[in-house]
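Here is a short tour for you to follow with the model open beside the text.

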Amino acid sequence: MYDSFIPYIEPKLQWLAVYKVEGRLIDLSQAYPPQALDIESVECLDQFLLRDANNETCWFYPTEDGRYLSWEKRSRITLQPGFLSDTVSEDESHDYQRSKILLLWSLMADDQSLTCVGLTYKKRRIEWPLLKVELEPLATWRSFRVDYSSETGHVEESCITVFNN
């Protein structure tokens with residue numbers, strides 16, 4: 001069983017700023033780059049509305065026939081600044097190009113249209129460490145069947161919303 005945390009991103013309302021951060025490495029044990037560096041300089045390379053980013057589709061929807069169980073729980077989240085999850089070489093780190101930022105869109109569960117699910121830069125995942133999570137007291141569970149040989153393809157079998165304290 002797989003579980004994923006997929007933020008709801010509204011590109012029409014969000015801005016993105018890209019910074020070049022330089023400093024001396026002081027702590028290799030830190031996974032979050034700003035905590036691993038003695039920061040010497042920060043330079044803003046770009047700022048733009050997310051709706052102006054290039055788009056790319058990705059696939060979170062089940063691709064195999066079968067029965068599935070999904071759940072959705074809305075939460076308010078506060079994120080730390082994002083960073084590339086993969087190490088960037090010295091030569092590549094100063095070669096910023098806005099066109100290489102991709103806004104990812106996918107079908108989710110029984111969505112009728114694409115949902116914005118994240119960002120990549122040069123095909124690399126951007127990590128956004130969680131700073132704060134405020135959980136809502138309810139979750140919705142859905143049981144559904146996928147059969148690509150049928151006309152509908154997706155059939156919701158049951159749905160229940162449960163409340164937690």
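Helices and strands here are DSSP runs, helices being H or I over at least four residues and strands being E over at least two, numbered from the N terminus. The model is a predicted one, in which local features need pLDDT of at least 70 and side-chain atom pairs count only at pLDDT 80 or more, while totals for chains, interfaces and linings use all residues. Residues are numbered from 1 along each chain as its sequence is written, and side-chain values use heavy atoms, with hydrogens and water left out.

**The surface**

Let us begin with a nonpolar surface patch of about 440 Å², made by L79, W128, L130, V133 and L135. Patch members have over 30% relative accessible area and no salt bridge; like charges are joined within 9 Å, and nonpolar side chains (Val, Leu, Ile, Met, Phe, Trp, Tyr) within 5 Å. The areas come from the Shrake-Rupley method with a 1.4 Å probe, and for residues only the protein chains shown count as cover.

Which strand gives the most to the nonpolar patch? Strand β10 (residues 130–135) does, with 3 residues. V133 has its place in strand β10. This valine counts as partly exposed because its relative accessibility is 39%; the term covers values between buried (under 20% relative accessible area) and exposed (over 50%), with a 1.4 Å probe and protein chains only.

**The charged pairs**

How many salt bridges does a search of the whole structure find? The search finds 12, where a salt bridge is a side-chain nitrogen of Lys or Arg within 4 Å of a carboxyl oxygen of Asp or Glu. Here are three of them.

| Salt bridge | Closest N and O atoms |
|---|---|
| R98 and D46 | 2.6 Å |
| R142 and E156 | 3.1 Å |

R98 and D46 form a salt bridge. This pair links distant parts of the chain, 52 residues apart: R98 is in the loop between α2 (90–93) and β7 (101–106), and D46 is in strand β2. Strand β2 spans residues 37–49. Is D46 buried or exposed? D46 is buried, because its relative accessible area is 11%, whereas R98 is partly exposed at 34% relative accessibility. The side chains of D46 and R98 are also joined by a polar contact of 2.6 Å. Not counting residues up to four places away in sequence, D46 touches L16, A17, V18, Y96 and R98, contact meaning heavy atoms within 4.5 Å.

E156 is partly exposed, with a relative accessible area of 35%. Elsewhere, K20, E22 and E43 are linked in a network of salt bridges.

**The interior**

In soluble globular proteins, nonpolar side chains tend to be buried together. The largest nonpolar core has 12 residues in all: I9, L16, V18, F48, L50, A53, I101, L103, C116, L119, Y121 and I126. Such a core is a set of buried Ala, Val, Leu, Ile, Met, Phe, Trp, Tyr and Cys residues joined through side-chain atoms within 4.5 Å.

How values were computed. A polar contact is a pair of N or O atoms within 3.5 Å; within protein, one must be able to donate a hydrogen and the other to accept it, and residues adjacent in sequence count only if both atoms are side-chain atoms.
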